[in-house]
Amino acid sequence: MPEITPGKAYGFFTDTSVCIGCKACEVACKTWNLLEGHEPSFLDGFDNTGGLDAENWRHVQFHDNVPDQTLGSGQGSVWLMMSDVCKHCQQASCMEVCPTGAIIRTEFDSVFIQPDVCNGCRDCIAACPYDVIGANETTGVVQKCTLCYDRLQGDMMPACAQACPTESIQFGEVDVLRESAQKRVDALHAAGVSKARLYGADDSIYGGLNAFFLLMDEPSAYRLPNERNAVLPSRNNIPGYLGALVTGVLGVLGGLIAIRRRGQSPEPAEATAGGAPDGTAGAADTPDAEAREKADG
Amino acid sequence: MAEHFVAPPDWLWYILFYFFLAGLSGGSYTIATLLRLRGAPEDAPLSRLGYYAAWPPLLICPILLILDLGTPLRFWHMIWNLTPGDAGLNFKYWSPMSLGVWALIVYSGIATVSFAETLARDGKLRMGLTDWLVRVMDGLLGKVFAVVGMVFALFIAGYTGVLLAVSNQPVWSDTWALGGLFLASGLSGSAALLMFLTRYRPEARASFGMLAVSERLYALLEGALIVVFVLTLLWAGTQGLVFGFPWLLLWIVVLAGLLPGLRGLVVHRLSPTGEAVVAPVAVPLLVLAGVLALRGAIIFSIQV
Ligand code: SF4
């Protein structure tokens, strides 16, 4: 591993075609980052963590597509495994909405949540399109993968990449990783694996993901939004406020119409004919009201 | 069809009641200001009632927002960024939560001044400054102040919907109608709330007709925005999440809350007499239940 230099963009290339689902990445991540994890649960496939959250910064997904009858070789896509992680998006939805400025881009171009600045509003959870961030119940702040910020500062690669036995998780400079990813996908296509594709390696998804993937199926099979659905929260700012503005104008107009109509209303006593709500007479002309009107000047 | 793979932020009860109270405060302030600008003496009691109604929710709103935070004592991080090397005021106009915090602070100040002024006019607050305040507010400055306050009030009633939309959550981010919808429902709820409160301020009943007519118009506006909301969700294909069981029950309450206004519109059109005078308690409470149910259905359906 060459020297890790501040000012350069670092990230992961996760090649799902060679993931074997061993979860060494999950264990290494928890060990280094002192994450307690949750009670294991026995979910689909060999999944016992469920998803990414405050305690799981790496999560190996298992997708069982094994057909009832063997029809062909499967070409590596009947058992899909992917070690999921924060994508360290170039256009990060979490960072966009964060009201406290707790989410920053580091000198390694990663997206980092400052635990001492975050106040636990959870707007980033609502925004992250990848279900990455979780709230820590003990500390009250939100947490996610830091790209092992502390390790990078100490010139060490992230723990998950270090532990991965198949090099499914590769760490390095993003530009270099993109080149090797392109070579890998070209090799797979040449071998007839036509479904292999890169996700997030170019800028079509959130301006590029610093943690990008080689997938063996559609992005949605791995719970990743496709290009059309990879959209930023701010897309709704202008239409949302415009809708509210038009409603506000109509609301004011409605109030003015009602006030004009009220000008044509019958005398108060008539308006409350049949008894005022609390059984008193129509009361605009009560002594109390008169006194207040006088006080009004 | 829109695809979403997000986690819910767990904005639940505190946020529900914040949205509800923000809508009522903003709507009440707006109605109060419209009446004040018209300047008819017979509308003054209702205008003052509106300013009274707008204030107490603002005591509760910050508490709800603070309690909803994971670390409540860090609420002030919303306004002050502590990032080393980048410390300073936090103002992100593209983040509705950041914008909303500032708007709430400004609006709370304005509503507090209006509240104090109203107390002074009613002779319930006598301090050195109050006479001066009333005198100043009687002039053009008072009108400008009230209009600025109304702009913030409308913002506070509506931005909560935009806050939900500016996310990647299903339903919330699949529509642009939530800001308008929450605002319309806040206005309709405020008209209903003031109708209810006229029970305790009889002199305000002179303007009851105005409330009845505005409630009808706001119910129409809200109904139209619910239609827009449904259409946008149909386009995204996520309508099943928010209109499925048990949320349908809440939508029934929402529709029930619209009925008095819509019925009034059909039967009485814009005539300032109406059934609201005949059923003074049930009608406002039903409308208010609808306002709460609307927010409940939208907030809870995608999170629980
Ligand atoms: S994947 Fe989610 S948490 Fe990670 S940078 Fe992107 S938006 Fe933020």
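This is a predicted model: local features need pLDDT of at least 70, side-chain atom pairs count only at pLDDT 80 or more; totals for chains, interfaces and linings use all residues.
Residues are numbered from 1 along each chain as its sequence is written, chains are lettered from A and ligands numbered from 1 in the order in which they are written, and side-chain values use heavy atoms, with hydrogens and water left out.

**View 1. The salt bridge between Arg122(A) and Asp68(B).** The side chains of these two residues meet at 3.0 Å, N to O. Arg122(A) lies in the loop between strand 5 (111-113) and helix 3 (123-127) of chain A, and Asp68(B) in helix 3 (residues 56-68) of chain B, so the pair joins two chains. Helices (H or I, at least four residues) and strands (E, at least two) are DSSP runs, numbered from the N terminus. The count between chain B and chain A is 1 salt bridge.

**View 2. The interface of chain B with chain A.** Contact (heavy atoms within 4.5 Å) links 80 residues of chain B with 81 residues of chain A. The two chains bury about 6400 Å² between them, 57% of it on carbon and sulfur atoms; buried area is the accessible area (1.4 Å probe) that two parts lose on being put together, summed over both. In chain B, Phe5(B), Asn168(B) and Arg205(B) lose the most area to chain A, together 12% of what that side buries.

**View 3. The ligand and its surroundings.** The ligand is surrounded by 14 residues (a heavy atom within 4 Å). The closest are Cys86(A), Lys87(A), Cys89(A), Cys94(A) and Cys128(A). The shell divides into 10 nonpolar, 2 polar and 2 charged residues, where Ala, Val, Leu, Ile, Met, Phe, Trp, Tyr, Cys and Pro count as nonpolar, Asp, Glu, Lys and Arg as charged, and the others, Gly among them, as polar.

**View 4. Backbone details in two loops.** A cis peptide bond joins Phe245(B) and Pro246(B), with omega about 5 degrees. Pro246(B) is placed in the loop between helix 9 (239-243) and helix 10 (247-268) of chain B. Leu147(A), a residue other than glycine, has a positive phi near 55 degrees. Leu147(A) belongs to the loop between strand 7 (142-143) and helix 4 (149-153) of chain A.

Terms used. A salt bridge is a side-chain nitrogen of Lys or Arg within 4 Å of a carboxyl oxygen of Asp or Glu.
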